[in-house]
Amino acid sequence: MPPTELEMSQVKQSFEDLRPYLEPTSLFFYEALFKRAPELRELFREDLKGQGMRFMNTLGLILADMEKSNGSSVDYAELGRLHATLGIRQAHFAPMEEALMESLGDKLGERFTPELEQAWRAAYEAFSKKLIESGNIPA
């Protein structure tokens, strides 16, 4: 189910709260991801700092795009195809979701309420579905 307007507002605000901490949050994300799915480590280059910042910037663009009602500024097909060529599969989105939730919880602390977590999960489900379908990411 797509996120509601209220959920998107909460997600976007919490992402803004993270802006000063994007680098440590992104590094925490990859640590959490590789702890859950160590086989994914080989799909990423050595420079996790740079990769992490690209991930966070792309996440910010996707979140901003999700609020638009008049067309998309993100090319989900291209982004999805890029992930597929790197070896990302549909099954990889589940550990990425859990790593993202852990990272948000770590950096937002008590502000990461169950309601905010649900809002993030709804947003993640919506944009990961778009990436998977538009980019033909294989099972």
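Guide: In α5, the buried residues (under 20% relative accessible area, with exposed meaning over 50% and partly exposed in between, for a 1.4 Å probe and protein chains only) are Phe 93, Pro 95, Met 96, Glu 97, Ala 99, Leu 100, Met 101, Ser 103, Leu 104 and Leu 108. The model is a predicted one, in which local features need pLDDT of at least 70 and side-chain atom pairs pLDDT 80 or more, while totals for chains, interfaces and linings use all residues. Residues are numbered from 1 along each chain as its sequence is written, and side-chain values use heavy atoms, without hydrogens and water.

The helices are DSSP runs of H or I with at least four residues, and strands are runs of E with at least two, numbered from the N terminus. α5 covers residues 93-108. At 1.5 Å times one less than its number of residues, the 16 residues of α5 should span 22 Å, and its end C-alpha atoms do lie 22 Å apart, which agrees. The buried residues of α5 pack against α1 (5-18), α2, α3 and α6, where contact means heavy atoms within 4.5 Å.

What lies at either end of this helix? After α5 comes Gly 109, whose phi is positive, near 60 degrees. His 92 counts as buried because its relative accessibility is 14%. Its side chain reaches the backbone nitrogen of Arg 89 at 2.9 Å. Apart from neighbours within four places in sequence, His 92 is in contact with Leu 40, Leu 43 and Gly 87.

A pocket is an open set of points on a 1 Å grid over the protein atoms alone, where a 1.4 Å probe fits, with protein on both sides within 12 Å along at least five of seven lines; lining residues have an atom within 4 Å of a point. The largest pocket has a volume of about 510 Å³, the space filled by probe spheres set on the points. Of its 21 lining residues, Tyr 30, Phe 44, Gln 51, Phe 55 and His 83 are the closest to its centre. Two or more lining residues come from each of α2 (22-36), α3 (48-66), α4 (76-85), α5 and α6 (114-134). Among these, α3 gives the most to the lining, with six residues.

Key:
Polar contact = N/O pair within 3.5 Å; in protein donor to acceptor, adjacent residues only side chain to side chain.
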